Amino acid sequence: MALKGLFLDRIRDQAINRRRLGKAILQFGMAGLLSETVIGRALAAEENPPAKKPFPFPIDKGDDNPLLNTHRVNWRVTNGELMHGYIAVPAAARNKLPTVLIIHDEQGLDFATREYTRKMALNGYIALAPDFLSAWGGMPDDPAKTRALLMGVDWSWLVKDAAMTVDWLKNQRYSTGKVGAIGFGWGGKLAQYTAAQAQDALAAAVAYYSETPPMNEAAHIKAPLQLHFGTSDSAVNAAALNWVSALKSASVPLECYFYPNAGHGFMNETQPAYNEAAANEAWKRSAEFLAANLNPKESLLHKINKGEQKLEKEQAVASSTKPNVTQKANQQPK
């Protein structure tokens, strides 16, 4: 499938703007920013933006999957600013596909989020994972700084950016026009805010162990929702039941699941809270829910399945013919 103009192999820089000023507030604190010196530095940075890395996140081991094409991309959001992100497309795709927006947790657009993106693409979608810190300079290398920034950013900007991304995906020539969203933790909250903002433009949304938007947002949600919680996640669950009641009162099509002995972050293999049984069951439900609302192409799924089977056989053969350490030792000349 030709996707010229979409897959950009380098991320262009952009000038500092009011959201970069917001980043300065988060970094220096309001009191420090009010000083003339710091304001001067912020304005100087606007005229002379610092050089950025060629890529905002690394090439990793998942990018070598022959069944996928993965790329670093950017697109325009609020006030014409650049959002950058990670996209995965089935290599066997030849026609338009439904799309899924993958919204990261407070760890940012990390390896786990890119893995979710690749897994979703193997379900027959064009899967896009934005870095929602793009307008604040991108995801820092330090995870603690990433969390701090995400906890302090302006949600009204984030929701606009996410809704514009949905619209961008919906109207691309490679898209069928059906867009879904799936978010984890911090991203689950944004997925639901996005559903309220995008309304009919979003075909379905899935949220994992997220804090809830304000109760009045339920009335704006038109897309079917699927929610996942761990029974051990008491901080989130305290408000979850009230949110579920608000969604039902607003007649939002809803599926809601609670997983025994699972805590916050149970989907993330890189985190201590990972719960394999809960994660597998939840992902299966999410895949079925999105498929029912987005209609991925059966012919493509068949090709992907055949490709996975072939890859498994090749890997099995390679593994069986590779000599182990004992065999190598026995082959050494005496």
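Here is a short chat about charged and aromatic side chains in a predicted model.

Modeller: Quick ground rules: residues are numbered from 1 along each chain as its sequence is written, and side-chain values use heavy atoms, with hydrogens and water left out. In this predicted model local features need pLDDT of at least 70 and side-chain atom pairs count only at pLDDT 80 or more, while totals for chains, interfaces and linings use all residues.

Colleague: How many salt bridges does the count come to?

Modeller: Side chains of opposite charge can pair when their charged atoms come close. For a salt bridge, a side-chain nitrogen of Lys or Arg has to be within 4 Å of a carboxyl oxygen of Asp or Glu. By that rule, the count is 8.

Colleague: R118 forms a salt bridge with D60, so how many residues apart in sequence are the parts this pair ties together?

Modeller: The closest N and O atoms of R118 and D60 are 3.0 Å apart. R118 lies in helix α4 (residues 111-121) and D60 in the loop between α3 (36-47) and β1 (68-76), so the parts tied together are separated in sequence by 58 residues. Helices (H or I, at least four residues) and strands (E, at least two) are DSSP runs, numbered from the N terminus.

Colleague: In the salt bridge of K189 and E211, which loop is E211 in?

Modeller: The two side chains meet at 3.8 Å, N to O. K189 is buried at 16%, whereas E211 is exposed at 53%. K189 lies in helix α7 (residues 186-198), and E211 is in the loop between β6 (204-208) and β7 (225-230).

Colleague: Which helix holds both K284 and E288?

Modeller: Their side chains meet in a salt bridge, 2.7 Å from N to O. They are 4 residues apart, about one helical turn, in helix α9 (residues 276-294).

Colleague: Is the aromatic pair of Y259 and F266 stacked, edge-to-face or tilted?

Modeller: Rings of Phe, Tyr and Trp (its six-membered ring) pair if their centres lie within 6.5 Å; planes under 30 degrees apart count as stacked, over 60 as edge-to-face and the rest as tilted. Of the 12 aromatic pairs in the whole structure, Y259 and F266 make one with 5.4 Å between centres and 50 degrees between planes, so the pair is tilted.

Terms used: Buried < 20%, exposed > 50% of the residue type's maximum accessible area, 1.4 Å probe, protein only.
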